[in-house]
Amino acid sequence: MGYSERAVVDLGLVEQHANYLLALGGVVKPPVSSNLISVFDTASRILVVVKPIAPLRGVVQRDPRGWSIVIDKGLPRGAKRFTLFHEGFHILLELGTIQIPGPEQYLEWLADAFAARVLMPRRWLVESVKKAGDINQLCATYQVSHRAINRRLKELDLCLSPWSTSERVL
Ligand SMILES: [Zn+2]
């Protein structure tokens, strides 16, 4: 993949924290409920609002009672869920729960990597791939987009069974 050493370390940290939050929320199998966002800051409430904000996908801001995350209404469901946890990563950064310095673009990339690790944990996906017939089944199980699951499979070097090859190009 050609990640720098620094990125490998940061991705490890991000994965560890994603797994920690899943455990904290008591999530043991897919699909990961959107409600998991509530454990990202247990000291304050996190309000999630869905409204049209395109071309933005999501925004997070502090408000008097905690946080509000706004997600673009026009996004498909899977993309909304991905965006929710991407924004959740920004909360963790702001709280200092995760401390990774870096340029904005790098942190945006890590936020996506984090969302992928929350919604599609490695250990689950390794098992699911053995059982799943095709990519659509994985999308339904994890409630994520084709794009998200394809990227995650590629990243983990996982392949679906040969009979689903034609599905993989979708
Ligand atoms: Zn972001």
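Predicted model: local features only at pLDDT ≥ 70, side-chain atom pairs only at ≥ 80, totals over all residues.

**Reading local features**

Analyst: Gly58 stands opposite Ile71 in β3.

User: In which sense do strands β2 and β3 pair, and over how many bridges?

Analyst: Two strands count as paired if at least two bridges are found between them. Here β2, residues 58-63, and β3, residues 66-72, pair in the antiparallel sense, with six bridges. Two residues separate the strands, and together β2 and β3 form a hairpin.

User: Which residues of α1 are buried?

Analyst: The criterion is a count: 20 or more other C-beta atoms within 10 Å make a residue buried, and 12 or fewer make it exposed. In α1, the buried residues are Asp10, Val14, Ala18 and Leu21. Because they cover an arc of only 80° around the axis, they lie on the same side of α1. The other side carries exposed residues, among them Glu5, Val9, Gln16 and Tyr20. Part of the cover over the buried residues comes from α3, residues 104-119. Just after α1, Gly26 has a positive phi of about 70°.

User: Which residues other than glycine have a positive phi, and are they buried or exposed?

Analyst: For this feature one reads the backbone angle first, then the location and the surroundings. Gln143 has phi near 50° and sits in the loop between α5 and α6. Gln143 counts as partly exposed because it has 18 C-beta neighbours inside 10 Å. Asp157 has phi near 60° and belongs to the loop between α6 and α7. With 7 C-beta neighbours inside 10 Å, Asp157 therefore counts as exposed.

User: Where are cis peptide bonds found, and what are their omega values?

Analyst: The bond joining Pro30 and Pro31 is cis, with omega about -5°; Pro31 is located in the loop between α1 and β1. A cis peptide bond also joins Ala54 and Pro55, where omega is about 10°. Pro55 is in the loop between β1 and β2.

Key:
Residues numbered from 1 in each chain as written. Helix = DSSP H or I, 4+ residues; strand = E, 2+ residues; numbered from the N terminus. Arc of directions from axis to C-beta. Contact = placed C-beta atoms within 7 Å.
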